[in-house]
Structures are given as structure tokens and as C-alpha cells.
Amino acid sequence: GGEQGGGGKADIINVEFEFFDPSEKDYHGLHTILRKWLGNDAQMSDDWNNALRNLADILSNQASVGTLIKCDTAEDTPPLAFISAISLYTHRKSSIMKFIRSYLTKRAPSNAKKNFQKVWKSGVSGKKPIGLLIHERLINVPPALVPVLHAELTKDLDWAQKNEITQELRSSFKFNELVYITRAYYPEDDADKSAPKATKSGKKKKSAKEEKISSNRQWFRFEDEILEDISSLSFSFPLTPKTDASQGLDLLAQELVVMVLPVSRLPEAITRAAWFLSQE
């Protein structure tokens, strides 16, 4: 809040945040909040607009798994935050899945490409139940809501596995892994350094140079450091910076980070995120 003129006390504005299941009325709000999800490079692609419309359509029609945070009870208010997971196999023919596979495969570092393609193929073929975790939020969402939002996803998945209307749908949400895509940035003095390449837990140690660069990486979302720690595969690639950005954050050297998360370890990550906040 702003400062009051006389007493010098700050105004306190009470804002109530509410949690909602997605509905068809959220299509435009989801389309807006997800526009920057894959970074500036995706936005420059002609195929992205079509894929984004497809993604917003899928998410707004999947009420059983997905949560939106709003500070207005009006149903069609754009969300401040959103989380969901969709099945790679169920949506294997969709334009969003085709776009993501192409986009990430083209840009993945050579030492991660094969492992990523293996995970993705296992998901779209139905060999393994793998989901795509989609999370986006505005920068002013209170951190205390973040562990709650992630916990809502695990509850939704549990509910869908038991209560969806067909056996096929119930089975489709029994994910053992989730592909998660997020963004990180580098302080300005590190902008000329290349981002760290792929790391696969237990397989390949980072070089001293990679460790140094990796330690300079800053996360937009505090929980991403924890999620990367539990990931079975993680890789990143630099994004083209904007030169005409109206917001300062868009001018930072950014990278897209792709992780494969074991669903069995999500409760642990949520507990650690809540503990981290309690230490602040």
C-alpha cells in the first residue's frame, strides 16, 4: 500500500484469494497468462498462436485436474496463478504437444536430447503414464500460496484417478512422471556466459565451469530450485532476449529449463517449499 499523508503509516489492503476449478469461461484468461510460458522464442513462432489456443482450450475444459487462483469472484476474471497437468498420451495428436516436442527437441543440448526424446516417446506412445505440468503465475502472487497450489495439483490427480467417469480417463491421470517447463535468468554480468547444459541425476557431474555458471542462475520461482533437485532429468537452453521490453525482467538473459519430475517425490518438494518459506 502507499503511505498515508499525515501519520506516515502504510495503508494495508486486504485481498482475498480464491481457488477455482477451470471452466470454459477461463479460456481467454488462460490464453493470456500462458502467452509467455515458453519464452520469447516460442512467441516469435507462427505455430505458437495455434498451439496456445489449443492449450487454453484443453485446460479450460479439464475441470477435474487444474486450479486457478483469482482475487475476484467473477468467474471470467483472469487468473493470477494457474496449475494443471495433462496427459501426453491423451493429447498426443494435439497441436500443443506437437509444438512442444518440436520446440524442445530442436533446442535441447545434444547430451540431453536423446534422454528427453525417450521420455516424450514413452508418454505419447502410452508406454508410460507421463503428464505435462503447466504452471504460470504473476510475479505478485504471495509466496505462501505456492505450496498450496502445488498441493492442490496432487489432490486433483488423486481425485481424478479414483473418480473420473471412465476407466480410461482414471488411468490417464496415473502419472509416474511429469515434464515441467520453467524459466530462469542470469544477473547482467553473467549475460555473456552460456547457460549450463544438461544434467541427469547420478549420471554426469558438472564441470567446475558449469558449476560456477549454474550457481549464478536465478530462479523466477523459488520452488523451481527444489523441483530441479528432485528431477530425474534437467536441461536448459538460452532464450533470445527482448530488446524493446517494456518490463525490465524481459531484458534479462533468460533460459528455458526443462525438468522431468517423479510424481512420487512431489509431496517431498511441497514440504520443502513450505519449510523454506517458514524460514523467511
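Modeller: Helices here are DSSP runs of H or I with at least four residues, strands are runs of E with at least two, and both are numbered from the N terminus. Asp41 lies in one such run, helix α2 (residues 40-43). The model is predicted, so local features need a pLDDT of at least 70 and side-chain atom pairs count only at pLDDT 80 or more, while totals for chains, interfaces and linings use all residues. Residues are numbered from 1 along each chain as its sequence is written, and side-chain values use heavy atoms, with hydrogens and water left out.

Colleague: How many helices and strands does the chain have?

Modeller: The secondary structure comes to 10 helices and eight strands. Of the 280 residues of the chain, 48% count as buried.

Colleague: Why is Asp41 called buried?

Modeller: A residue is buried under 20% relative accessible area, exposed over 50%, and partly exposed in between, with a 1.4 Å probe and protein chains only. Asp41 has a relative accessible area of 13%, so Asp41 is buried. Asp41 touches Tyr103, Arg107, Leu239 and Thr240, when residues up to four places away in sequence are not counted, and touching here means contact, that is, heavy atoms within 4.5 Å. The C-alpha atoms of Asp41 and Leu256 are separated by 9.9 Å, although these residues stand 215 residues apart along the chain.

Colleague: What makes Thr240 count as partly exposed?

Modeller: The relative accessibility of Thr240 is 39%, and therefore Thr240 counts as partly exposed. Thr240 has its place in the loop between β7 (233-238) and β8 (253-262). Leaving aside neighbours within four places in sequence, Thr240 is in contact with Asn40, Asp41 and Met44. The C-alpha atoms of Thr240 and Glu255, 15 residues apart along the chain, are separated by 8.5 Å.

Colleague: How do you know whether His31 is buried or exposed?

Modeller: The relative accessible area of His31 is 15%, so His31 is buried. His31 has its place in helix α1 (residues 27-33), and, apart from neighbours within four places in sequence, His31 is in contact with Leu52, Arg53 and Ala56. Pro78 is 47 residues from His31 along the chain, and their C-alpha atoms are separated by 9.3 Å.

Colleague: Why should helix α4 span 18 Å?

Modeller: The expected span of a helix is 1.5 Å times one less than its number of residues. Helix α4 (residues 95-107) has 13 residues and should therefore span 18 Å, and the end C-alpha atoms of α4 are 18 Å apart, which agrees. The buried residues of α4 are Ile96, Met97, Phe99, Ile100, Tyr103, Leu104 and Thr105.

Colleague: What makes α4 and α5 roughly antiparallel?

Modeller: Axes are lines fitted to C-alpha atoms, for helices over the stretch in contact, and angles run from 0 to 180 degrees between N-to-C directions. Angles under 35 degrees count as roughly parallel, over 145 as roughly antiparallel, 65 to 115 as roughly perpendicular and the rest as oblique. α4 and helix α5 (residues 110-124) pack at about 165°, with their axes 10 Å apart, and α4 and α5 are therefore roughly antiparallel to each other. Met97, Ile100, Arg101, Leu104, Thr105 and Lys106 in α4 meet Lys113, Phe116, Gln117 and Trp120 in α5. The residues of this contact divide into five nonpolar, two polar and three charged, where Ala, Val, Leu, Ile, Met, Phe, Trp, Tyr, Cys and Pro count as nonpolar, Asp, Glu, Lys and Arg as charged, and the others, Gly among them, as polar.

Colleague: Why is α3 called oblique to α4?

Modeller: The axes of helix α3 (residues 46-60) and α4 come within 8 Å and cross at roughly 130°, which makes α3 oblique to α4. The contact is made by Asp47, Trp48, Asn50, Ala51, Asn54, Leu55 and Ile58 of α3 and by Ser95, Ile96 and Phe99 of α4. By class, these residues divide into six nonpolar, three polar and one charged.

Colleague: How do you know the class of the angle between α6 and α10?

Modeller: Helix α6 (residues 145-163) and helix α10 (residues 266-278) pack at an angle of about 165°, with their axes 9 Å apart, and that makes α6 roughly antiparallel to α10. Pro147, His150, Ala151 and Thr154 in α6 meet Leu266, Ile270, Ala273, Ala274 and Leu277 in α10. This contact of α6 with α10 has seven nonpolar, two polar and no charged residues.
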